[in-house]
Amino acid sequence: MKNCDSQILKYQCDEVKLSDEDRLDIKDKADTNRERLKGGLQTAEKPTPIGMHTQGSYSMKTMIQEDDGDYDIDDGVYFEKDDLVGPRGGEMSARDVREMVCEALQDSRFKRAPEVRKNCVRVYYNDGYHVDVPSYQKIKVKDPISGELKTAWELAGPDWKRSDARAVTKWFKTANSTRCSDASADGNRGQFVRITRLMKKFAKSRASWKSKTISGFAISRLVEECYLEIRGRNDQVLRRTMQQIHDRLEVNDEIDHPTLSDENIVDAGSPKVAFFRDCLDENLKHLEILDDPDCTHEQAMKAWDRVFNSDWFKEQPDPDAEKKLDGRMSSGPFIKQGEARYAASEGRFA
């Protein structure tokens with residue numbers, strides 16, 4: 001396979017990975033939002049959160065650059081179940097909690113007011129960002145084997161539903177550290193994370209795909225299933241991961257949840273899974289040229305541009321051409337004369 005590792009690595013760094021500056025900007029917005037929420041709850045004499053935690057792609061370090069600037073940041077708020085009591089002393093419903101959080105987040109400076117969504121409260125920012133604030137309650141459940149009471153969490157969706165986003169983050173970071181030899185302690189780098197980002201970029205590479213394809217979470221799960229490291233060949237691993245995911249979805253289109261044994265991210269028969277599989281099938285064909293021993297740099301770059309729907313790769317110089325040019329220059333008579341003079345000045349023979 002034509003070696004395009006350096007180009008894929010640079011593309012991931014320049015065009016896919018979220019910059020440190022953007023990450024800090026997102027964190028600042030999340031922190032400001034937390035203070036707004038705590039203050040709003042306190043003013044209304046509502047329950048005090050026992051914790052707030054970022055989750056999803058931000059916490060897993062797989063958030064990617066968005067052309068339209070519409071970054072989705074998930075920042076969960078956690079409550080004690082016993083604190084979530086209504087005005088008449090009864091338990092608050094999942095809808096009650098989302099409405100309570102939404103009311104606490106209101107701010108006259110917003111052009112668009114925060115609103116209650118299916119599984120969260122969404123806060124809109126004027127420059128395109130939005131922060132999703134899911135709410136959780138802490139419960140106790142009996143372990144089916146030991147009989148001991150253990151802590152669990154329920155998400156305030158249409159109804160209360162078992163969910164623990166922090167466990168998902170832990171699952172992903174564990175996968176990164178155990179599957180990838182160049183993983184960092186905080187999960188911010190490593191081939192496994194890079195391939196996940198690139199797969200998410202591919203899934204969003206056409207505006208028309210975004211509403212038709214599977215979620216970033218589902219993609220992360222599929223990458224975790226199909227990833228196999230090859231050090232120094234991010235391009236080869238990316239292509240193989242695309243092929244493995246395609247083949248896996250041909251056999252089984254159900255995507256199970258990594259931390260909840262009785263849950264799926266996507267159930268069988270989903271049209272979004274079928275769409276993603278077909279996108280992979282179509283674009284894997286573009287990469288077949290890479291197997292041709294006579295594949296040129298231009299052909300390889302054109303193939304990757306077609307996969308990512310970009311014009312970035314065609315602008316990348318041919319490293320082999322540069323090496324040949326360097327070689328001709330270093331072996332030329334002028335260079336050799338210069339080397340001889342330098343050697344003589346150092347008291348060495350040419």
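The second largest pocket of this predicted model has a volume of about 240 Å³. Of its 15 lining residues, Tyr11, Asp67, Lys201, Phe308 and Asn309 are the closest to the centre. A pocket here is an open set of points on a 1 Å grid over the protein atoms alone, where a 1.4 Å probe fits, with protein on both sides within 12 Å along at least five of seven lines; lining residues have an atom within 4 Å of a point. The volume is the space filled by probe spheres set on the points, which are joined across faces, edges and corners. The lining divides into 7 charged residues (Asp, Glu, Lys, Arg), 4 nonpolar (Ala, Val, Leu, Ile, Met, Phe, Trp, Tyr, Cys, Pro) and 4 polar (the others, Gly among them).

Next, two backbone positions. Glu45 is not a glycine, yet its phi is positive, about 55 degrees. Glu45 sits in the loop between helix 2 (20-43) and strand 1 (51-55). Helices (H or I, at least four residues) and strands (E, at least two) are DSSP runs numbered from the N terminus. Glu45 counts as exposed because its relative accessibility is 73%, and exposed means over 50% (1.4 Å probe, protein chains only).

Lys61, also not a glycine, has a positive phi of about 65 degrees. Its loop runs between helix 3 (56-60) and strand 2 (72-80). Lys61 counts as buried because its relative accessibility is 13%, with buried meaning under 20%.

Finally, confidence. The pLDDT (the predictor's confidence in each residue, from 0 to 100) averages 89 over the chain, and 90% of the residues score at least 70. Over residues 334-350 it is below 50, and this stretch has 10 contacts (heavy atoms within 4.5 Å) beyond near neighbours in sequence.

Residues are numbered from 1 along each chain as its sequence is written, and side-chain values use heavy atoms, leaving out hydrogens and water. Local features need pLDDT of at least 70 and side-chain atom pairs count only at 80 or more, while totals for chains, interfaces and linings use all residues.
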